[in-house]
Amino acid sequence: MKKRNDTFSVLIPANERLYKYYENFGYKTVFHRRRAVYFRENVKGDIIELHKVQDPNVIIPIYKKAISSKNIVVLQTNKTYDTVFKDYENAGGEVLITKEKDTFCFVLRLQKKLYIKEFFTSQKSINSLLYSLFFRYPDIHSIIVNEPSDGILLNNAKQIKTGMVKILDKEKAAVAFQ
């Protein structure tokens, strides 16, 4: 990384104990997500039409629009999404998009729970998305949602660590944050 003149090194530890391990090498926890749990009986909204997506290129414009207002993001590429799509399919998950193509989400169903591992939306509320997911999966009792720490989730969200950064070039880093 230093040979390439990278400014930062970013990593996402695979488990909680690795955060302490990477701290020994100068990494700091700076990325967080919020996790919220929604129960069927507490969610009301309009039904929105959701479609399964198999081509990562379909969601890239939504992703780019969603990150355009963020100061700091971990950029995803088409290649990254190709890999994620295959992983989700192998695990029994789906990537869903609204008919209007303004929202997409990665969902994984385990027993009576639905996990939204990532979603991007231009909507101000996710209630209709959640309501539509409960409608799509009638056997689901709860939906667990992960989103960036500055997202739109309701106040019942718990903040969780998701990534670390190490500054490799302090001068270039100072310029990046001006």
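A residue is taken as buried under 20% relative accessible area, as exposed over 50% and as partly exposed in between, with a 1.4 Å probe and protein chains only. The model described here is predicted, so that local features need pLDDT of at least 70 and side-chain atom pairs count only at pLDDT 80 or more, while totals for chains, interfaces and linings use all residues. Residues are numbered from 1 along each chain as its sequence is written, and side-chain values use heavy atoms, with hydrogens and water left out.

The predictor's confidence in each residue is given by pLDDT, on a scale from 0 to 100; its mean over the chain is 83, and 87% of the residues reach 70 or more. Helices (H or I, at least four residues) and strands (E, at least two) are DSSP runs numbered from the N terminus. On this basis the chain comes to 5 helices and 8 strands, which follow one another from the N terminus in the order β-α-β-β-α-α-β-β-β-α-β-β-α. Among these elements, the lowest mean pLDDT, 79, belongs to helix α2 (residues 60–67), and the highest, 93, to β3. Where pLDDT is low, the predicted coordinates should not be read in detail. Of the 178 residues in the chain, 38% are buried.

Strand β4 (residues 94–98) is largely enclosed by the rest of the structure, because 5 of its 5 residues are buried. Glu 94, Leu 96 and Thr 98 point one way from β4, whereas Val 95 and Ile 97 point the other way. Two strands are said to pair if DSSP finds at least two bridges between them. Strand β3 (residues 50–52) is joined to β4 by 3 bridges in an antiparallel arrangement, and within this pairing His 51 has Ile 97 as its bridge partner in β4. Strand β5 (residues 103–110) also runs antiparallel to β4, to which 4 bridges join it, and Phe 106 in β5 is the bridge partner of Val 95. The two strands β4 and β5 form a hairpin with 4 residues between them. Lys 101, found in the loop between β4 and β5, has a positive phi of about 60° although it is not a glycine, and this residue is exposed, with a relative accessible area of 52%. A positive phi, near 55°, is also assigned to Gln 111, again a residue other than glycine; Gln 111 has its place in the loop between β5 and β6 (113–121) and is exposed, at a relative accessible area of 74%.

Strand β1 pairs with strand β8 (residues 158–167) in the antiparallel sense over 4 bridges, and Val 165 in β8 is the bridge partner of Val 10.

Helix α3 (residues 78–91) has 14 residues, which at 1.5 Å a residue should span 20 Å, in agreement with the 20 Å between its end C-alpha atoms; the expected span is 1.5 Å times one less than the number of residues. In α3, Tyr 81, Phe 85 and Tyr 88 are buried. They cover an arc of only 70° around the axis, which puts them on the same side of α3, the arc being that of the directions from the helix axis to the C-beta atoms. The face of α3 turned away from this buried side carries the exposed residues Lys 79, Lys 86 and Asn 90. In α2, the buried residues include Ile 60, Ile 62, Tyr 63, Ala 66 and Ile 67. These cover an arc of only 160° around the axis and therefore lie on the same side of α2, whereas the face turned away from the buried side carries the exposed residues Pro 61, Lys 64 and Lys 65.

Rings of Phe, Tyr and Trp (its six-membered ring) are treated as pairs if their centres lie within 6.5 Å, with planes under 30 degrees apart counted as stacked, over 60 as edge-to-face and the rest as tilted. The structure holds 8 aromatic pairs. One of them, between Phe 104 and Phe 106, is edge-to-face, at 5.9 Å centre to centre and 75° between the planes. Both residues are buried, Phe 104 at 0% relative accessibility and Phe 106 with a relative accessible area of 2%. Phe 104 and Phe 106 form one aromatic cluster together with Tyr 81, Phe 85 and Tyr 88.
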